[in-house]
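Thanks for making time this morning. I would like to walk through a few side-chain and backbone features, with the cut-offs stated as we go.

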Amino acid sequence: MGQLCGRCMQLLRDFVALVQKMSSELVHSIKECLALISECSCLKQNGSKTRQLYKPVLQPHERVTAQEFLQQIERGFEMSPLGKDPLEALRILAFSENPGLQQSAALYYLHMSQHMNVPLPAEHLEPFYALLRSADLEVQQMSSLSLVNFLLEGNIDKEMVVQMGLLEPILDLLESEDPTIQCNSCACTMTLAVSESNREAIGAARGVTPLLSLANSYDPRVQQNAVGAILNLTQSERIQLVLCKEGALPVLTLLLESPDSEVQYYSCAALSNIAANAQHHEAMLRIGDRFLLRTLISLLSSSVDKKVSSQACVCLRNLATRADTQAKLVAKDVLPRLCSLLVSSSEDVRRAAVALLWVLSQYPHNQDPLVCTELLQSLGMLLSAHTTDHVIAGHAACIIENLNLSKNRQRIIESPCVEGLLQTMLSIDIQEDSLHYVTSCLAELAKQEGATLRMVKWIDEPLTKRLVRLAGQREHTETSFRAASIIQHMIDHVRDNEDSIMSRRQILL
């Protein structure tokens, strides 16, 4: 057999180099693929299950610790249950591979969380890491529930839980297939998310995605806690962006139709927080051809839970920053619903409804539809019935002043609004800013002869003294000026009427 020529030898060398290069790239790709798979939470579950293929051996020191621990429990812990010896025992039991020993530690923590009302030292959080990572479902259930109890009772510092590294196992449990564990881990996340720093930590740890998934859970407990956690997270503007990017808006909007009033409230409150940031309005209103607006309006019903109706008003108010949105709300007959809410027995509902009406009254094209007998009657009655409510007084006065156009003045004058404003002004409990709006509205109305006539009919000694005191005080000059203006208009009205009467008498004589 002859030797290969130089050309063929070069071809073989190139071929070998190509194979080596391809092999290197293939091995690198395989390593990357395996690394990504190993990081997935599904493998963590599978990995924990493989540990159960063999029976864990009970180590001698674990056996001794378990026996001593049981003896201490039987004696009712004559020593402190949070002392050094119990803690060391709990550490050994929690970090054991024996499920029975871990169950003992988890059960002990659960008992403490239900019967002790003292702060849990930070070092007692260490065993929780092993318990939450346990391969045993009962251990996960008990340890996560005890952590929820400690958090809800305020016996654990929320920031300390994250600092001790427990956030990662808590968020991993969100992907458990057990509803009880899902419920507990959602409750933990919801409670931790009350803290600003914890919210940022949850967002950085990618806790948003599993929460959105559990928001669609068929288990009502899981769904409530998941949506509650999302609500707390929406207090962060940065996490609002993450939520919107992850598809939270359609999820929360659909949950407004949930039969569970708690889920409705949490989702509506979350949307209200997001709507407080105008950059999200376009995306919110684009869902299902303004499906969100229609759904929120439907929640302004007496048959809906009061706190849900109140939150729907807040969300609509936050969304109604643009003229076209306000016009669409009025066009969709929102006014009759708001009028019914003004007479609600709930203070929050009344306040939310009048605040939304105030926003709507600022848009000129809405003012004609708003000046209807039903609304003016409702506002007058609202002022008269709640003279000491500074929120209602301020907003109602601003609404009336916004609607006080030349073509609408007669309707306002003939309504109970004037009497309601006078009665509110008489209240000594009303705050200064609200009093400012009330006197401003009355001063504008007093410029009209018909309104002044009604004021004179209603004026009595307490109202006169109140106006004089307001006109004489120097601390708030604008309020003083307006009170003096009201007095002057009424004096002019009385004097003109007296002159008119005298003229008539002279003519008759």
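Let me begin with two residues: Tyr-109 is buried, and Phe-128 is buried as well, where buried means under 20% relative accessible area, exposed means over 50%, and partly exposed lies in between, computed with a 1.4 Å probe on protein chains only. Please keep in mind that this is a predicted model, in which local features need pLDDT of at least 70 and side-chain atom pairs count only at pLDDT 80 or more, while totals for chains, interfaces and linings use all residues. Residues are numbered from 1 along each chain as its sequence is written, and side-chain values use heavy atoms, with hydrogens and water left out.

The rings of Phe-128 and Phe-150 have their centres 6.5 Å apart and their planes at 90°, so this pair is edge-to-face; by the criterion used, rings of Phe, Tyr and Trp (its six-membered ring) pair if their centres lie within 6.5 Å, and planes under 30 degrees apart count as stacked, over 60 as edge-to-face and the rest as tilted. Because Phe-128 lies in helix H6 and Phe-150 in helix H7 (residues 137–152), the pair ties together parts that are 22 residues apart in sequence; helices here are DSSP runs (H or I, at least four residues), as strands are (E, at least two), numbered from the N terminus. Phe-128 has 0% relative accessibility and so counts as buried, and Phe-150, at 2%, counts as buried too. Together with Tyr-108 and Tyr-109, these two phenylalanines form one aromatic cluster.

What about a charge over a ring? Lys-307 lies over the face of Tyr-265, at 5.1 Å from the ring centre, the condition being that NZ of Lys or CZ of Arg is within 6 Å of the ring centre and within 35 degrees of the ring normal.

Turning to helix H21 (residues 334–342), its buried residues are Val-334, Leu-335, Leu-338, Cys-339, Leu-341 and Leu-342. Seen down the axis, they fall within an arc of 160°, so they line one face of the helix, the arc being that of the directions from the helix axis to the C-beta atoms.

Finally, the backbone: most residues other than glycine have a negative phi. Asp-333, however, has a positive phi of about 55° although it is not a glycine, and Asp-333 is placed in the loop between H20 and H21. With a relative accessible area of 54%, Asp-333 is exposed.
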